Amino acid sequence: SRMQLKQSKNENERYSSLMDGLRKVIASEGIAGLYKGIESKLLQSVLTASFLFMSKEALFSYAVKLLIILGARKSVAGKA
């Protein structure tokens with residue numbers, strides 16, 4: 001984060017608190033400076049969610065197929 005990166009020896013450049021950091025970022029870069037780097041985090045979140053959804057759907061599909069196969073075997077074994 002910026003607070004970690006901005007640990008310079010010059011006291012005027014350092015962030016002393018969260019509010020001080022917000023004030024300095026807004027003063028130097030404007031409101032848009034608060035959202036700098038959000039694109040990469042948003043992309044990471046979307047990709048993670050999509051991979052989780054895909055794997056959940058695949059696992060669910062395999063579980064249903066397995067339950068159908070096991071259910072069919074039990075019914076065949078019960079008739080014999």
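How exposed is Lys24, in terms of relative accessible area? Lys24 is partly exposed, at 26%. Here buried means under 20% relative accessible area, exposed means over 50%, and partly exposed lies in between (1.4 Å probe, protein chains only).

The model is predicted: local features need pLDDT of at least 70, side-chain atom pairs count only at pLDDT 80 or more, and totals for chains, interfaces and linings use all residues. Residues are numbered from 1 along each chain as its sequence is written, and side-chain values use heavy atoms, with hydrogens and water left out.

Three salt bridges are present in the structure. A salt bridge is taken as a side-chain nitrogen of Lys or Arg within 4 Å of a carboxyl oxygen of Asp or Glu. Side chains of opposite charge can pair when their charged atoms come close.

One of these salt bridges joins Lys24 to Asp20, with the closest N and O atoms 3.4 Å apart. Both residues belong to helix α2 (residues 18-29). They sit four residues apart, about one turn of the helix. An α-helix has 3.6 residues a turn, so residues three or four places apart point the same way. Asp20 is buried, with a relative accessible area of 13%.

Helices (H or I, at least four residues) and strands (E, at least two) are DSSP runs, numbered from the N terminus. The expected span of a helix is 1.5 Å times one less than its number of residues. For the 12 residues of α2 this gives 16 Å, and the end C-alpha atoms are 16 Å apart, which agrees.

The buried residues Asp20, Gly21 and Val25 lie in α2. They cover an arc of only 125° around the axis, so they are on the same side of α2. The arc is that of the directions from the helix axis to the C-beta atoms. Arg23 and Ala27 are exposed, on the face of α2 turned away from its buried side. Just after α2, Gly30 adopts a positive phi of about 85°.

A further salt bridge links Lys36 and Glu29, the closest N and O atoms being 3.1 Å apart. Lys36 is exposed, at 58% relative accessible area. Glu29 is partly exposed, at 34%.

Glu57 pairs with Lys56 in another salt bridge, with 2.9 Å between the closest N and O atoms. Glu57 counts as partly exposed at 34% relative accessibility. Lys56 is also partly exposed, with a relative accessible area of 47%.
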